[in-house]
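Please walk through the side-chain contacts of the model shown below.

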Amino acid sequence: MLFNSIHFLLFGPICILIYFSLPLRYRTVWLFAISLYFYAIFKVVYLSLLIFCFLGTKFFVDRMVDARTNSSKLTYLNIAVLGNLSLLFLFKYLDFFIKVINEISGHSFCEPDSLPPVGIILPMGISFFTLQAISYAVDVYRGTVPKAESYFQFGLFISFFPQLVAGPIIRAGDMLHQFLVPTEYKRENLILGLRQILAGFFKKTFVADPISVLIDPIYARPDDYSGFAMWLAAFLFSVQVYCDFAGYSDVAIGLGRILGFQIPVNFQRPFLSGTITELWRRWHISFSSWLRDYVYISLGGSRVSTLRVYLNLFITTFVSGIWHGADWTYVLWGAIHASMMVFEKLIFQFEWTKQKWNKVPRLIQVFYPFGIFIIAAILFRSRDTLERSGLKNGFFMLKSAFFGKTGIIPEIPIPVVLAIFLLFASEIWQEFYQSTWEKLWNNEKLVILLTVCMYIVCFAIYSVSASQQFIYFQF
């Protein structure tokens, strides 16, 4: 079910009203049932994957906890982790793996000796709920969280509908205990939740979706457009992917807050960062922290030699590119960001470099990481066309952007320009004038009025136009 749909605009309020109308002992049961329904709307058959994920993980983690020897515990942990990774590989990476084998063997896609693609459709949210299951298994093994008390509690942790299909990636230590006790209605939670949902719908409906309509033709037919159009498309896509993903996270966090659950923040104004390293601390925070805790630390973190630290950092950031998708464009995108992370760690180890950079005003610093993000975004968004592969298209667009090219220069509608301006103005306001921002948005009447207006506008828009799928559904 899409957040930006008539179905959800009806489903959300009804779900919340019924939840708080039920006796306390039935509320978590209702929440679990509607979470399964929410996922089944996308494709009923894939509900079995979700159920397989939480039943299998819970079973083997329980065996791990009961095991008497360390080797047995490690065996059960590996089964739980590899089981989830196998799901991810089968549905997300198998076809790319086949493509790589064909390329190494020198066979083209249509040759009789080439391996045919399987063509499995990527299930919604599989990149998110499998990582949650893996983090739970590792945390229980490390002793940082207790095991779930029941299959029901763990099932709700894995399937909790607000964040199920596009994050944030919730951690057992943050959320598991919250599903033990049914929550009660609080007016404070309602206002804070509505604020977050309002921000999410603005980002998705007024910024991300209109931008999608503008840039899709440029990426589909880059030969027809000018070099300036490439820069414009890269900038707009960077704004789009941020608003699309942060918008989903905002709605998810807001829904959870209204229901009485505290879902961790997933974005903190990443485009106002001073370095690429800081940008990644502010972007998709739940995933960045997951990579730190389960990849970087597992590789040895910073407790190893200097060269190994740089290698661990590169691998960790590089993995984020592979996680985003099964294509060479994502691999290269991950390598660009990984290289920049290593470069920054190298130069900022010198105190004088750090001091010099810190003296640069923040509103000037931001152009460096945002510029790198935009350049890499050209590759990230590039897809196969009739003329070229996605990777070749990305290089073609980069060449056109840097060396210039004649062609069409698209016009940006005034409403889109205004929406982007409001987005950045509000982010700057929050970043540098947090107290006045909070003072404004603590006005309950304003929040309720704007939320009602946003709901009406969204209802009108979604009833006459097809809803744009969230970008991160494909990851």
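Aspartate 224 has a relative accessibility of 34%, so it counts as partly exposed (buried is under 20% relative accessible area, exposed is over 50%, and partly exposed lies in between, with a 1.4 Å probe and protein chains only). Arginine 221, at 35%, is also partly exposed. The side chains of aspartate 224 and arginine 221 meet in a salt bridge with an N to O distance of 3.5 Å; the term requires a side-chain nitrogen of Lys or Arg within 4 Å of a carboxyl oxygen of Asp or Glu. In general, side chains of opposite charge can pair when their charged atoms come close.

The model is predicted, so local features need pLDDT of at least 70 and side-chain atom pairs count only at pLDDT 80 or more, while totals for chains, interfaces and linings use all residues. Residues are numbered from 1 along each chain as its sequence is written, and side-chain values use heavy atoms, with hydrogens and water left out.

The structure holds 16 salt bridges. One of them joins arginine 187 to glutamate 444, with the closest N and O atoms 2.9 Å apart. This pair links distant parts of the chain, since arginine 187 is in helix 8 and glutamate 444 is in helix 20 (residues 444–464), 257 residues apart. Helices here are DSSP runs of H or I with at least four residues, numbered from the N terminus. Arginine 187 has a relative accessible area of 43% and is partly exposed; glutamate 444, with 32%, is partly exposed as well.

Another salt bridge is formed by arginine 362 and glutamate 278, whose closest N and O atoms are 3.2 Å apart. Again the pair links distant parts of the chain: arginine 362 belongs to helix 15 (residues 362–365) and glutamate 278 to helix 10 (residues 276–282), 84 residues apart. Arginine 362 is partly exposed, with a relative accessible area of 27%, whereas glutamate 278 counts as buried at 16% relative accessibility. Both residues belong to one network, in which salt bridges that share partners join Arg269, Glu278, Arg282, Arg362 and Glu431.

Turning to the rings, how many aromatic pairs does a search of the whole structure find? The search finds 47. Rings of Phe, Tyr and Trp (its six-membered ring) pair if their centres lie within 6.5 Å; planes under 30 degrees apart count as stacked, over 60 as edge-to-face and the rest as tilted. Phenylalanine 11 and phenylalanine 38 have ring centres 6.0 Å apart and planes at 40°, so this pair is tilted. Because phenylalanine 11 lies in helix 1 (residues 6–21) and phenylalanine 38 in helix 2 (residues 24–40), the pair ties together parts that are 27 residues apart in sequence. Phenylalanine 11 and phenylalanine 38 are both buried.

An edge-to-face pair is formed by phenylalanine 160 and phenylalanine 179, at 5.2 Å centre to centre and 65° between the planes. Phenylalanine 160 lies in the loop between helix 6 (151–159) and helix 7 (172–175), and phenylalanine 179 in the loop between helix 7 and helix 8 (187–220), so the pair ties together parts that are 19 residues apart in sequence. Phenylalanine 160 and phenylalanine 179 are both buried.

One aromatic cluster includes Phe128, Tyr242, Trp283 and Trp323. The charged end of lysine 92 sits over the ring of tryptophan 323, 5.0 Å from its centre; this term needs NZ of Lys or CZ of Arg within 6 Å of the ring centre and within 35 degrees of the ring normal. Arginine 63 has its charged end over the ring of phenylalanine 59, 4.6 Å from the centre. Phenylalanine 59 lies in helix 3 (residues 47–66) and is partly exposed, with a relative accessible area of 37%.

Serine 382 is found in the loop between helix 16 (367–381) and helix 17 (390–403). At 2% relative accessibility, serine 382 counts as buried. The side chain of serine 382 reaches the backbone nitrogen of glycine 394 at 3.0 Å.

How values were computed. Helices (H or I, at least four residues) and strands (E, at least two) are DSSP runs, numbered from the N terminus. A polar contact is a pair of N or O atoms within 3.5 Å; within protein, one must be able to donate a hydrogen and the other to accept it, and residues adjacent in sequence count only if both atoms are side-chain atoms.
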